[in-house]
Each structure stands twice: as C-alpha cells, then as structure tokens.
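Me: I am new to reading protein models. Please take one part of this one and go through it closely.

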Amino acid sequence: MTLDTSITSKSCPETASFLQKCLDSLISRRDLATTMLPPCRWLLASHQMCLFDKAEVNATNNQEKRPDFYIELKAKVDKELERHRDEDGHLRRVPQRKICCDCRETKRARDACVVENGPEYETCQYLIKAHNLCLMEEGFEKV
C-alpha cells in the first residue's frame, strides 16, 4: 500500500512546497506513522493561513468577512497556554530546549523564504507567523 502525500495548490504554491518538503522528510525518515504532528503541523498552519487569505480575497463582497485565520490559531495557542499559567499570569511551562533548537521545521522554512525573498514577502509573513505560534506553544512568551 502506498500513501499519496502530494500537496498541490494553485493559490498558495510556496507554502504548499514547504509543507511538501516537510512531509517528504518525514517519509524518508519513516516517521509518518507518528503522524505529521508536531514536525509539519505549523507548516500546515501557514499553508492554511495562506489559503484562508486567498479565499477571502476571492470571496464575493456579499459575504460577511470571517475573522483572520492567524487570530483564530493564536487564540487556540493562548487558550492552551492558559492552562500552564500560575496566579500571577506567568507561564509554569518551561521550554524544554533553547529557542534556537525548537520548531526546526518552521525555522528552516521561514529562514529559506526570508533569505530568498525578504521578510516583507507575503509567503514569508505566513511562515513567520507560524514559527512564532510554534515557539509560543513551546513556552516562549516573547517572540
């Protein structure tokens, strides 16, 4: 049995490409059985942010504007982190690694995009947001 993990997207080809590279890496290491969460989860989120924004741009003016997908994701991360806060509002969750060693997949994708296109490039913005959310989820408060 073969597993088709090809990701294609006409509206967001670059985020799809980064997600595909992550999945290919998992397959080559035979880690797919452990699911694509955590390694590719935030790259999937960056791709979803892009798709969401493109759908908003292409939506008709009659439809009610949906909230920003990034804000929805951030709210989910904040809600999850809320469980790890003490009475003073400080995170009890201590990052397990240094910031340079966490969220490697999103860091690699973000850095490649910024080097190639610059930080203001639209695709890079999705990857930067996804990397920041990943770091927040790992317990880094100021990203």
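Me: Where is T106, and which residues is T106 in contact with beyond its neighbours in sequence?

Reply: Keep in mind that this is a predicted model. Start with the whole protein. It has five helices and zero strands. From the N terminus on, the order is simply α-α-α-α-α. Of the 143 residues, 33% count as buried. The protein exposes about 9500 Å², and carbon and sulfur atoms supply 53% of that area.

Now go to the helix. T106 sits in α4, which covers residues 104-117. This helix has 14 residues. From first C-alpha to last, α4 reaches 20 Å, close to the 20 Å expected at 1.5 Å a residue.

Next, look around the axis of α4. Four of its residues are buried: E105, T106, A109 and C113. They lie on the same side of α4, because they cover an arc of only 95 degrees around the axis. R104 and V115 are on the other side, and both are exposed. After α4 comes G118, with a positive phi near 95 degrees.

Zoom in on T106. Its relative accessibility is 3%. The cut-off for buried is under 20%, so T106 counts as buried. The side chain of T106 also reaches the backbone oxygen of C103, at 3.1 Å. Then set aside the neighbours within four places in sequence. T106 is in contact with W42, L43, H131 and C134.

Two of these names lead on to the nonpolar cores. The largest core has 16 residues. W42 is one of the residues that touch the most other members, along with M49, L73, V77 and L133. The helices α2 (41-58), α3 (69-82) and α5 (122-137) each supply at least two residues of this core. The largest share, six residues, comes from α5.

In soluble globular proteins, nonpolar side chains tend to be buried together.

Last, step back to contacts across the protein. Take those between residues at least 6 apart in sequence: 60% join residues at least 24 apart.

Notes:
Residues are numbered from 1 along each chain as its sequence is written. This is a predicted model: local features need pLDDT of at least 70, side-chain atom pairs count only at pLDDT 80 or more; totals for chains, interfaces and linings use all residues. Side-chain values use heavy atoms; hydrogens and water are left out. Buried means under 20% relative accessible area, exposed over 50%, partly exposed in between (1.4 Å probe, protein chains only). A polar contact is a pair of N or O atoms within 3.5 Å; within protein, one must be able to donate a hydrogen and the other to accept it, and residues adjacent in sequence count only if both atoms are side-chain atoms. Contact means heavy atoms within 4.5 Å. Accessible areas come from the Shrake-Rupley method with a 1.4 Å probe; for residues, only the protein chains shown count as cover. A nonpolar core is a set of buried Ala, Val, Leu, Ile, Met, Phe, Trp, Tyr and Cys residues joined through side-chain atoms within 4.5 Å. The expected span of a helix is 1.5 Å times one less than its number of residues. The arc is that of the directions from the helix axis to the C-beta atoms.
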